[in-house]
Amino acid sequence: MATEEIRVRGTVQGVGFRPTVYRLAKACGLYGDVCNDGQGVLIRVSGSEEALTEFVARLQTECPPLAKINQLTRIPYEGKFNFNNFVISSSVNSAIKTEIVPDAATCPQCQQEIFDPFSRFFRYPFTNCTHCGPRLSIIRAIPYDRCNTSMSAFVICPECAKEYHDVENRRFHAQPVACHVCGPTAWLERADGKSVTASMFSMLDDVDAVCTLLQKGEIVAIKGLSGIHLACDATQETVVQKLRQRKRRYHKPFALMARDIEIIEQYCTVNAKEKELLTSSAAPIVLLQATGKKLVAPSVASGQNTLGFMLPYTPLHHLILRRMNRPIVLTSGNLADEPQCIDNEKAREKLGTIADYFLFHNREIINRIDDSVVRIIGDKVQTIRRARGYAPASISLPPGFDHVPQILAMGSELKNTFCLLREGEAILSQHLGDLENAAAFNAYQETLNLYLNLFEHTPEVIAIDKHPEYLSSKLGKELADTNQIPIYQIQHHHAHIAACMAENGIPLNSPPVLGIALDGLGYGDDSTLWGGEFLLADYRKFQRLATFKPVSMIGAEQAIYQPWRNTYAQLIAANLWDGCQQQYADLEIVKLLNKKPLKLLNQLIEKKINSPPASSVGRLFDAVAAAIGICPKECSYEGQAAIAMEAIVDVSSLNNDKETLIYPFSFSFSDSIYCIDSRPMWQALLYDLQQQIPQPVIAAKFHKGLANAIMEMVKHLCEENLINQVALTGGVFQNCILLQQVSKRLETLGIKVLTHSLVPANDGGLSLGQAVIAAAKSIHKY
């Protein structure tokens, strides 16, 4: 007989792990106990060597659906052992090193129960078990016990208590367990304050009434799992337009929810991997190719060839959509750019002029979490927004990062996340939005404090972006000064590349890779704005080998929202504007530009007044889109013109290898750096516009030309620096066509290509890169 202490670390609390341990221990004839503590799960167990070996093997192969074992260690147990059976013991408070489970979509068993008239959970909107339901959204502290969640407000009834304490039941220690008798309740309100009853609609209950309201063309604010959404019928153009105007979200695509895959397939193609994502416990929004056979309202996603669909992920959603045979819009409950509402009273105040009705409930949302957004490119998942269903699951770091100080990385200004680093793992927050909005910045600080407390994380090092005006950087400096701890300022594009390296498992002391970071902009080491960079980089340092020719951002931030500014700046930088007025005077873009105050704009460029030069590929995309007539005057969100241009690309031109269907770029070398110049591309594009070549063909030629220019530069730099590994990163590489075109060309050259999957290529993944760079420098320093 042997007696062992088995320590299990990972996602092992609140997921039915202890009942699994109990069941397997009994099956293997073992004695002992299992409990939760701050490090995960602790098992003390006694039995034969053969039984113990079988037990450990089965523990790893028969893990519960939401569990993940990161580490399992076995040592001889030396303490008192007085067990003659196997039992589940109470949680033990100790230093926090465990993980918090992301919120999980309703499991099949719970779905079945809410539609079963003979189940006590029939039509109960908050049904859950250890395989599904709220986690991060309701937690205040760990261990993950009911008293540490917003469910502590509800006294468990005898029936639920019986299941909660029954080790053979899948609700054993399911902390949010509840039913009609003892749990949260949902109710319907009118936004105008007048009373409303389900009998008005002859419906089963208030939740069922929401479906009828949506079908009648009403806008309903629905309090869900981790935030309040605004919903309407996605096939009624009038109500979708009304929602856009009220919410002040004029162009950005709306997310959709449909009852089942069959309804989604009426509007989009869904392959096996996309179906797997839609039906996973994370239940993200998945960007799918629209078929055009059956259409949602045009205003749902104007100018797009994709639709973002998700399936119901709470019992509440399933019940609402039971009778809904068409998709609904389900977008965050907020005014444009503000954080999503999570509180009933705040929602009445903020959303009262947007929604016609509210469906509220009385379970408090502790932690605001947006819906995650993903897509499949090739056969790989690309995460665009990492939030509900994924955060805060830890990301295992590559070899070499096992023993690093506790690090806090503050993230970027836009699409912000922050990152906690500890003992070989990174914990990224959910997507927190754009911090330039005051409410979003306040929410960022609240979430940061919550995470630091939840994980008992005491930063020994802080990492920030180099941009001196980022609010996240300013806050990081304050924290570092207050706590007298070291701070590292990390260059924006180096962080992008390091994030890509880290999620691809590149060890700490590996040789440098060639990182290609293409985005809107980031603060460069020379105090200029970068955005089209080729960096020879490892985790500690980088060398800027090549860039795109810097072009003025006329009006600075205004250039993001008025694409014509970028077109004019590009033509000026290429010395083509004077010729345009003579040779291409009849082009729409030239006519538009001639209506602008060009003398003033020229002075701004020459004197660099609020018009900083930037090597931004994001702004190059905007410039080309505007030139061919896509959103030339105004955009309501960053990248709108570029995304619309991607959507219209002519596939036959894209797949045609003729040289005439690829725009040329030129290359130069000065001041120890190579430069890609877009002048030849502009000459060819203007000629094509004059020849009335269709927009989709021009868009295809631009994408292919840019991919070709990147390939040529990479080929030269890899040969010159003896490297064969390239990391593609930055928000521009969320462009599916560019990513595939560049990847295909580089792989043909025998170059290994690293891309993002676990974290976004955009600034949502930046904090991971900041954290690993700071860790590498800290190790190097000490």
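Student: Why does alanine 556 count as buried?

Tutor: This is a predicted model, so the value is computed from its atoms. Buried means under 20% relative accessible area. Alanine 556 has 19% relative accessibility, so alanine 556 counts as buried. Alanine 556 lies in the loop between β25 (551-552) and α14 (558-561). Its phi is near 55°, a positive value in a residue other than glycine.

Student: Why is arginine 123 called buried?

Tutor: The cut-off is under 20%. Arginine 123 has 8% relative accessibility, so arginine 123 counts as buried. Arginine 123 is in the loop between α3 (108-114) and α4 (158-165). Phi of arginine 123 is near 60°, also positive in a residue other than glycine.

Student: What kind of peptide bond joins alanine 391 and proline 392?

Tutor: A cis bond, with omega about 5°. Proline 392 sits in the loop between β15 (380-385) and β16 (395-396).

Student: What makes a space a cavity?

Tutor: A 1.4 Å probe fits there but cannot get out. The largest cavity holds about 170 Å³ of space. Its lining has 21 residues, and among the closest to its centre are Lys549, Val551 and Gln570. Helix α15 gives the largest share of that lining, 4 residues.

Student: How does the lining of the largest cavity divide by class?

Tutor: Into 11 nonpolar, 6 polar and 4 charged residues.

Student: What is the volume of the second largest cavity?

Tutor: About 120 Å³. Of its 17 lining residues, those closest to its centre include Pro125 and Arg363. By class, that lining has 9 nonpolar, 7 polar and 1 charged residues.

Notes. Residues are numbered from 1 along each chain as its sequence is written. This is a predicted model: local features need pLDDT of at least 70, side-chain atom pairs count only at pLDDT 80 or more; totals for chains, interfaces and linings use all residues. Side-chain values use heavy atoms; hydrogens and water are left out. Helices (H or I, at least four residues) and strands (E, at least two) are DSSP runs, numbered from the N terminus. Buried means under 20% relative accessible area, exposed over 50%, partly exposed in between (1.4 Å probe, protein chains only). On a 1 Å grid over the protein atoms alone, a cavity is a set of points where a 1.4 Å probe fits but cannot get out, and a pocket is an open set with protein on both sides within 12 Å along at least five of seven lines; lining residues have an atom within 4 Å of a point. Grid points are joined across faces, edges and corners, and a volume is the space filled by probe spheres set on the points. Ala, Val, Leu, Ile, Met, Phe, Trp, Tyr, Cys and Pro count as nonpolar, Asp, Glu, Lys and Arg as charged, and the others, Gly among them, as polar.
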